[in-house]
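This report describes selected helices and salt bridges. Please consult the sequence and structure shown below.

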Amino acid sequence: MKEKNLEITILLDYYGGVLTEKQREVIELYYEDDLSLSEIAEHSGITRQGVRDAIKRGENTMLELEENLGFVKKMEEYRERLERISTLNEEIERFNRQNVYSRYISERTGEINRLTEEESDGI
């Protein structure tokens, strides 16, 4: 269940803007604030079934968008590539320090570190 919660929370970050205000509100209350359907119904002034329906419609909308657009998947692949670049760069830095020491290589690997950190901070 926690994996499902995390998936919906991540989808909400990417696709929450396309949901109706009510769908977004009840999904946030359910997944992020961990309120029960009854608590959300009382808070929102709708029935428990209305809350459940809004959550399901919102989930389905976001899942369909991810299936068609794949923003979350693409972002995860992007993160993985950045991590791989960082790992390779560390290997180059280590090799440079231990074997040849080139100032040129040291400067370039430093620049790669800065760029990958900036990219990581932006996502």
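Does Glu 77 count as buried, partly exposed or exposed, and at what relative accessibility? Glu 77 counts as partly exposed because its relative accessibility is 33%, where buried means under 20% relative accessible area, exposed over 50% and partly exposed in between (1.4 Å probe, protein chains only). The model is predicted: local features need pLDDT of at least 70, side-chain atom pairs count only at pLDDT 80 or more, and totals for chains, interfaces and linings use all residues. Residues are numbered from 1 along each chain as its sequence is written, and side-chain values use heavy atoms, with hydrogens and water left out.

Helices are DSSP runs (H or I, at least four residues), numbered from the N terminus. In helix H5, the buried residues are Leu 82, Asn 89, Glu 93 and Asn 96. Tyr 101, with a positive phi near 30°, follows H5.

The whole structure contains seven salt bridges, each a side-chain nitrogen of Lys or Arg within 4 Å of a carboxyl oxygen of Asp or Glu. Among them are the following.

| Salt bridge | N to O distance |
|---|---|
| Lys 73 and Glu 77 | 4.0 Å |
| Arg 103 and Glu 107 | 2.9 Å |
| Glu 107 and Arg 108 | 3.5 Å |

Through shared partners, salt bridges join Arg 103, Glu 107 and Arg 108 into one network. Arg 103 counts as exposed because its relative accessibility is 60%, whereas Glu 107, at 35%, counts as partly exposed. Lys 73 and Glu 77 lie four residues apart in H5, about one turn of the helix.

Terms used
Helices (H or I, at least four residues) and strands (E, at least two) are DSSP runs, numbered from the N terminus.
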